[in-house]
Amino acid sequence: MSQNVIHEGFVHLYSGRRHNLNRPWEKILHLARRYVYPNRGILSLAGSMKKDFYYISRGRLSTQVFSGSGRERSVLFFEEGCLFNLAMVMLDVPDTGEWFCHEETIIWRFSGSMLRDEAFVREHPDLIINLMEAMCF
């Protein structure tokens, strides 16, 4: 299975669409809060939002991440069936900035604390395995 990485000069494009790895999370959307963003809308994960993770049930988002030198950048795309913002929750990495909606996008916001909740992990081991698999791509 390819990692779905396209090199275009110094731009790397990543997409989870072909893998569709996170569809199992749809079974617990009742634990999340639904948000709808318009085409060309901007999602800023600031404040408490940056400590949560998200599932995209419809649409497509992208963000740019620059290297320390500012020379190289990665364009990260997340599409339907994908979780995003996992690194922010699990590793406490710096803010990823703003996300751009390429079409009307529906996302579901999960509390980041649920990933460290032992009861949740015991009840949903299949989702934890799915999350670990997704983080490998």
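## Salt bridges

A salt bridge is taken here as a side-chain nitrogen of Lys or Arg within 4 Å of a carboxyl oxygen of Asp or Glu. The model is predicted: local features need pLDDT of at least 70 and side-chain atom pairs count only at pLDDT 80 or more, while totals for chains, interfaces and linings use all residues. Residues are numbered from 1 along each chain as its sequence is written, and side-chain values use heavy atoms, with hydrogens and water left out.

The structure contains 7 salt bridges. Glu80 and Arg23 form one of them, at 4.0 Å from N to O. Glu80 sits in the loop between strand S7 (73–79) and strand S8 (83–84), and Arg23 in the loop between strand S2 (11–14) and strand S3 (33–37), so the bridge ties together parts 57 residues apart in sequence. Helices (H or I, at least four residues) and strands (E, at least two) are DSSP runs, numbered from the N terminus. Arg23 also bridges to Glu26, with the closest N and O atoms 2.7 Å apart. A further salt bridge joins Glu104 and Arg58, at 2.1 Å from N to O. This pair links distant parts of the chain, 46 residues apart: Glu104 is in the loop between strand S9 (98–101) and strand S10 (105–110), and Arg58 is in strand S5 (residues 53–58). Through shared partners, salt bridges join Arg23, Glu26 and Glu80 into one network.

## Exposure of the charged residues

Relative accessible area sets the classes: buried is under 20%, exposed is over 50%, and partly exposed is in between (1.4 Å probe, protein chains only). Arg23 is partly exposed at 29%, as are Glu26 at 35% and Glu80 at 22%.

## Positive phi angles

Most residues other than glycine have a negative phi. Arg40 has a positive phi, near 70°. Arg40 lies in the loop between S3 and strand S4 (42–44) and is exposed, at 64% relative accessibility.

Asn85, also not a glycine, has a positive phi of about 75°. Asn85 is placed in the loop between S8 and helix H1 (86–91), and at 6% relative accessibility Asn85 is buried.

## Aromatic pairs

Rings of Phe, Tyr and Trp (its six-membered ring) pair if their centres lie within 6.5 Å; planes under 30 degrees apart count as stacked, over 60 as edge-to-face and the rest as tilted. The count is 9 aromatic pairs. For Trp25 and Phe110, the ring centres are 5.8 Å apart and the planes are at 70°, so this pair is edge-to-face. Trp25 is buried, with a relative accessible area of 0%, and Phe110 is buried at 0%.

Phe78 and Phe84 make a tilted pair, 5.9 Å from centre to centre with 40° between the planes. Phe84 is buried, at 1%. Trp25, Phe53, Phe110 and Phe120 form one aromatic cluster.

## Nonpolar cores

A nonpolar core is a set of buried Ala, Val, Leu, Ile, Met, Phe, Trp, Tyr and Cys residues joined through side-chain atoms within 4.5 Å. The largest has 18 residues, and Trp25, Phe53, Phe110 and Leu115 have the most contacts inside it. S5, H1, S10 and helix H3 (125–135) each supply at least two residues of this core. Apart from this core lies another, of 12 residues, among them Tyr37, Met49, Ile56 and Ile107.

Contact means heavy atoms within 4.5 Å. Leaving aside neighbours within four places in sequence, Phe110 is in contact with Trp25, Ile28, Leu29, Leu31, Ala32, Asp52, Phe53 and Tyr55.

## Overall arrangement

The protein has 3 helices and 10 strands. From the N terminus on, the order of elements is β-β-β-β-β-β-β-β-α-β-β-α-α. Among contacts between residues at least 6 apart in sequence, 76% join residues at least 24 apart.

Of the 137 residues, 41% count as buried. The protein exposes about 7900 Å², of which carbon and sulfur atoms supply 53%. Accessible areas come from the Shrake-Rupley method with a 1.4 Å probe; for residues, only the protein chains shown count as cover.
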